[in-house]
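The sequence and structure come first, followed by the details.

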Amino acid sequence: MSSSTHFPDSDNFQRQSDEFAAWLSSRPGVNVNNKIRIADLRGYAAGRGVVAQADIPEGEELFTIPRDLVLSTHNSKLKSLLSNDLEEFGPWLSLMLVMIYEYLQGDSSTWAPYFRVLPQNFDTLMFWSAEELAELQGSAVVDKIGKEGAEQSILKSIVPVVRANPALFPSVGGLGSFEGDAGAQVLLNLAHTMGSLIMAYAFDVEKPENEDERDGEDGYLTDEEEEQSSKGMVPLADMLNADADRNNARLFQEEESLIMKAIKPIQAGEEIFNDYGEIPRADLLRRYGYVTDNYAHYDVIELSLDALCSSAGLSDADIENQPKLQLLENLELLDDGYAIPSPSQGDNITDVLPEELALLLKTLTLTPEQLADRQRKQNPPKPSFSQEEGRILFNAILLSQQRYGTTIEQDRELLAQVSQLESSGPLEGSARRRKMAIQVRLGEKEIFETVKVMINNHFANATAKRTADDDGDDSRRTKAQRT
């Protein structure tokens with residue numbers, strides 16, 4: 001996880017790591033296997049990591065963190081000091097507020113040594129400039145950043161609480177208070193830092209039976225995260241970098257503690273990796289601030305409802321004006337956008353189309369009579385993939401490709417140039433961000449091209465099959481006639 005961050009000089013870096021390790025060892029209930037150590041991996045653009053010092057068999061415990069050491073709303077003193085009920089803020093904003101409180105306590109906070117090894121600067125998209133974001137060109141991930149929504153939530157929920165409790169939230173940066181525009185900006189920056197730490201490092205540590213629904217407008221939520229329960233920062237567990245191919249450890253939750261275990265044998269000298277799951281590189285960049293090629297097979301392309309409707313000849317995607325969309329909306333089968341995963345070798349176009357997209361394509365091809373029948377029965381049509389559905393999909397892809405400002409060939413050349421610069425040392429700042437943007441947009445463009453080829457091949461094969469069937473019928477009829 002640490003590859004998205006910037007760190008202090010080597011002496012400070014190592015001292016902070018040592019202080020953190022000493023703090024862990026002093027806490028009741030913490031157990032760290034002496035076969036592992038915190039390592040300086042900045043030379044590999046990976047920040048801190050955890051490395052095996054001796055061979056570790058599968059199933060061996062790597063470390064144990066008691067639940068009361070998890071940085072969470074449940075464990076912080078803030079819950080008993082505020083007149084507000086932290087639960088009212090929801091899992092994300094409540095943890096954000098708690099982390100701001102604990103951070104501002106400085107050395108008085110239980111988690112002070114932990115904060116010192118957490119990053120303060122990020123390459124996540126929330127922190128990119130407009131010029132840097134422009135390098136992502138037409139990628140749908142730009143619309144998922146949600147910075148404006150995040151700041152609205154912070155200004156509405158976090159800032160008033162901080163200002164109303166100056167004794168609990170001492171000001172920083174030479175400010176007399178958090179009042180005024182300058183104070184609000186400092187709080188926004190601090191809240192963005194905490195929100196990014198939560199997004200990149202927090203674990204889901206509780207599963208309430210009745211989780212309140214949230215609108216997901218704070219900029220730090222994804223659709224899946226909206227259904228998750230309370231989150232907490234788990235010291236040391238978040239120091240493991242992630243790797244889709246080399247994942248060799250997993251966090252297990254028990255009643256009194258959280259335990260990281262080896263899920264396969266780990267050899268001495270090997271780094272210990274967690275895994276983020278099957279997420280595309282665009283979301284890897286958005287949430288964690290880095291890109292790695294071994295997540296490329298999780299990449300997706302996204303087609304907007306607007307592009308699909310335009311390709312079907314509809315004037316707009318306004319549900320109220322489009323009966324076909326109304327039908328799917330009433331059945332809760334309509335989305336704003338549709339993701340197509342990176343195809344595997346041997347896949348047919350019908351293998352990679354999500355069911356919801358196939359259903360929309362079919363609905364967009366219904367005749368007025370067919371639509372009236374579906375409306376009367378209030379059920380959707382059976383998906384199929386005829387020439388008409390294929391035409392709509394193909395044209396929607398063409399429209400989506402127009403959002404990109406460079407071609408695949410240009411991106412490959414640009415990536416080669418940037419990689420050549422990287423050969424002399426790790427890229428920093430905007431250069432690093434530019435390379436990651438090129439990797440993301442190039443991966444998406446390659447999937448678009450692959451899907452277009454799959455559509456053409458699907459109908460070419462169908463035509464060839466019909467021709468062969470017709471030739472077979474003619475041959476059989478000729479033989480019958482001779483007989």
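## Basis of the description

Helices (H or I, at least four residues) and strands (E, at least two) are DSSP runs, numbered from the N terminus. The model is predicted, so local features need pLDDT of at least 70 and side-chain atom pairs count only at pLDDT 80 or more, while totals for chains, interfaces and linings use all residues. Residues are numbered from 1 along each chain as its sequence is written, and side-chain values use heavy atoms, with hydrogens and water left out.

## Two loop residues with positive phi

Glutamate 332, in the loop between α10 (323-330) and β12 (337-341), has a positive phi of about 55 degrees although it is not a glycine. With a relative accessible area of 71%, glutamate 332 is exposed (buried means under 20% relative accessible area, exposed over 50%, partly exposed in between, with a 1.4 Å probe and protein chains only).

Glutamine 137 lies in the loop between α5 (130-134) and α6; its phi is near 50 degrees, a positive value in a residue other than glycine, and at 23% relative accessibility glutamine 137 counts as partly exposed.

## The sides of helix α15

The buried residues of α15 (residues 408-422) are Ile408, Asp411, Leu414, Leu415 and Val418. They cover an arc of only 120 degrees around the axis, which puts them on the same side of α15; the arc is that of the directions from the helix axis to the C-beta atoms. On the other side of α15, Glu409 and Gln420 are exposed.

Methods: Expected span 1.5 Å × (residues − 1).
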